[in-house]
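Q: Could you walk me through this structure, feature by feature? I would like the general idea each time, then the case here.

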Amino acid sequence: MMDNGYDYDVVVVGGGPCGSTISTLVAMQGHRVLLLEKERFPRYQIGESLLPSTVHGICRILGVEEDLRQANFMPKRGGTFRWGANPEPWTFSFGLSSKFAGDAATAYQVERMRFDQILLDNARRKGVEVREETSVVDVLVDADTDRVDGVLLSGPDGVRREVRSRFVVDASGNKSRIHTRVGGQRRYSEFFRNLALFGYFEGGKRLPAPNRGNILAVAFDAGWFWYIPLTDELTSVGAVLMPEALDRAQGDREKALLDLIQQCPMIADYLSDARRVTEGPYGEIRVRKDYSYIQEKFWRPGLVLAGDAACFIDPVFSSGVHLATYSALLAARSINTVLRGGVDETTCFEEFEVRYRREYARFHDFLVAFYDMHQDENSYFWKAKKVTNNVASEVESFVELVGGGSSNEAALVSPANSGRRGAAYQELAEMVAQPVQEAGEDRDLLRSTLARSVSKEGTRIQIQAELGESTDENIPVRDGGLVPSTDGLHWSTPSQPAG
Ligand SMILES: Cc1cc2nc3c(=O)[nH]c(=O)nc-3n(C[C@H](O)[C@H](O)[C@H](O)COP(=O)(O)OP(=O)(O)OC[C@H]3O[C@@H](n4cnc5c(N)ncnc54)[C@H](O)[C@@H]3O)c2cc1C
């Protein structure tokens with residue numbers, strides 16, 4: 001037992017990407033962290049398409065970049081969409097943004113059983129005490145101060161025990177009820193009230209190189225399909241149905257999914273020689289009501305919600321793991337700063353909440369416009385620039401947003417790209433001039449929207465590069481707000497860089 005009757009500094013509930021990330025980033029500061037996960041890993045989870053901000057930002061800080069390389073996950077260069085008014089598929093690459101150019105231009109498609117295991121093993125290596133098959137039943141509240149100060153858990157033996165801690169983090173995803181203890185309601189979106197029906201196939205077709213690892217999203221009259229190549233053989237396939245088409249998922253799940261595939265010609269063609277996996281963790285056809293929601297409150301004294309426990313947005317741009325790991329970083333900064341002393345809990349957690357809500361709102365507001373099927377991609381790019389208030393070109397604003405880099409945080413991009421925008425931009429300009437075979441299908445996008453602004457934007461970015469500007473993360477996002485410390489793992493007041 002520690003001072004003041006606490007067993008740990010922090011108890012983290014849930015060992016998904018959010019829980020593993022926050023516990024590692026707090027333990028790396030020497031604090032005592034206990035992570036409780038109700039399942040035994042590896043366990044199945046949906047959410048397989050990752051963004052560069054997770055792979056080259058958060059995973060770099062966690063120290064798992066090499067583990068990811070060795071896992072041989074499918075490299076994901078961007079997305080290919082049959083979506084909106086354009087009857088032809090269009091492709092974007094992360095490399096279209098100077099934030100993700102060069103080595104950071106690819107993310108991964110991952111089998112979550114393996115990805116989540118890598119993050120959890122890393123947490124253990126970094127000093128987190130991890131207990132699997134241990135559920136948190138409730139949080140404990142100090143009757144005098146009304147502060148959350150621990151959890152009631154149930155271990156593999158079924159015996160309930162109390163554990164006391166200075167902070168409890170709820171990273172238990174969308175299903176648990178712990179979030180109710182923060183106070184306030186979970187508000188469900190009126191707009192995104194979809195349902196997903198999904199399974200796995202072997203032997204599906206691949207997009208032509210260099211885009212074979214891209215996520216493919218195809219709209220059809222009932223909603224849209226995702227088609228995610230997880231390995232050369234295995235593909236994750238899911239239909240996201242609009243509220244007015246929910247009856248098409250009724251009855252036998254296999255029949256419903258196969259019928260829906262036949263209603264979407266491009267997906268039917270890609271799966272024409274494929275067979276559905278019927279055994280093991282990929283053998284089940286699953287349903288998820290992926291209704292989007294956001295909590296009215298993200299924290300109360302002693303308790304913070306992060307990842308899906310706090311909010312969830314429609315998966316069309318694969319933002320879930322990005323939001324989970326980014327919110328983990330924001331919450332870890334708050335906890336690390338309070339534990340170090342000097343800034344109070346309210347100021348630190350308000351900073352976490354404002355920034356997490358801001359990132360969520362960007363995806364939400366952009367996605368509302370993206371679901372208007374009467375627009376073409378140029379209109380979507382314009383909307384991305386508007387919701388992110390970005391000075392970059394429209395297509396670059398779009399790629400920054402959907403790559404998870406629009407918050408201008410150095411922590412979310414590779415260091416090479418936060419300090420060398422000029423060089424990265426030069427690389428882009430050269431790509432525009434390359435032959436189609438080398439540059440890939442998306443060169444047309446570059447030519448039509450980016451190339452128009454190359455000389456104007458290029459000049460601006462070259463000047464910024466020469467002046468040494470990297471990101472504007474040193475500007476607070478609200479009056480009296482905090483900024484990331486130089487180590488990226490605490491908050492500082494803007495006038496007092498520390499860390
Ligand atoms: C249809 C669909 C498609 C999606 N596609 C994508 C995608 O392509 N890319 C993407 O990035 N995201 C995607 N997502 C979102 C993604 O699944 C989630 O955002 C992400 O998994 C959230 O991570 P997390 O760590 O917050 O929660 P989780 O991954 O859910 O982890 C929570 C953990 O907490 C544990 N737990 C729960 N209750 C307790 C308890 N009481 N005690 C102890 N442990 C507990 C659970 O067992 C689990 O391991 C998709 C979501 C849906 C619904």
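A: Start with the element names. Helices and strands are DSSP runs, numbered from the N terminus. Keep in mind that this is a predicted model.

Q: Where do backbone N or O atoms lie by a nitrogen or oxygen atom of the ligand?
A: Look for N or O pairs within 3.5 Å. A backbone N or O atom of Val 136 is 2.9 Å from a ligand nitrogen. For Pro 17, a backbone N or O atom lies 3.3 Å from a ligand oxygen. For Gly 320, the distance from such a backbone atom to a ligand oxygen is 3.4 Å.

Q: What share of the ligand's area does the protein bury?
A: The protein buries 95% of the 1,000 Å² that the ligand exposes when taken alone.

Q: Now salt bridges. How many does the count come to?
A: The test is a side-chain nitrogen of Lys or Arg within 4 Å of a carboxyl oxygen of Asp or Glu. By that rule there are 34 salt bridges.

Q: Which parts does the pair of Glu 400 and Lys 99 tie together?
A: Their side chains meet in a salt bridge, 3.3 Å from N to O. Glu 400 lies in helix H10 (residues 394-402), and Lys 99 lies in the loop between strand S5 (90-93) and strand S6 (107-109), so the pair ties together parts 301 residues apart in sequence. Both Glu 400 and Lys 99 are buried.

Q: Are Asp 146 and Arg 300 buried or exposed?
A: Buried means under 20% relative accessible area, and exposed means over 50%. Arg 300 is buried at 13%. Asp 146 is partly exposed at 48%. Their side chains meet in a salt bridge of 3.3 Å, N to O. This pair links distant parts of the chain, 154 residues apart. Asp 146 sits in the loop between S8 and strand S9 (148-154), and Arg 300 in strand S19 (residues 299-300).

Q: What about Arg 212 and Asp 232?
A: Their side chains meet in a salt bridge too, at 3.5 Å from N to O. Arg 212 is partly exposed, with 35% relative accessible area. Asp 232 counts as exposed, at 54%.

Q: Which residues do salt bridges with shared partners join into one network?
A: Arg 333, Glu 350, Glu 351, Arg 355, Glu 409 and Arg 478 form that network.

Q: Last, why is helix H2 (residues 52-62) largely enclosed by the rest of the structure?
A: Count its buried residues. Nine of the eleven residues of H2 are buried, so the rest of the structure largely encloses this helix. Among them are Pro 52, His 56, Cys 59 and Leu 62. The cover over the buried residues of H2 includes H1, helix H3 (65-70), S6, helix H4 (112-125) and H7. Just after H2, Gly 63 takes a positive phi of about 85°.

Note on methods:
Residues are numbered from 1 along each chain as its sequence is written. This is a predicted model: local features need pLDDT of at least 70, side-chain atom pairs count only at pLDDT 80 or more; totals for chains, interfaces and linings use all residues. Side-chain values use heavy atoms; hydrogens and water are left out. A polar contact is a pair of N or O atoms within 3.5 Å; within protein, one must be able to donate a hydrogen and the other to accept it, and residues adjacent in sequence count only if both atoms are side-chain atoms. Accessible areas come from the Shrake-Rupley method with a 1.4 Å probe; for residues, only the protein chains shown count as cover. Helices (H or I, at least four residues) and strands (E, at least two) are DSSP runs, numbered from the N terminus. Buried means under 20% relative accessible area, exposed over 50%, partly exposed in between (1.4 Å probe, protein chains only). Contact means heavy atoms within 4.5 Å.
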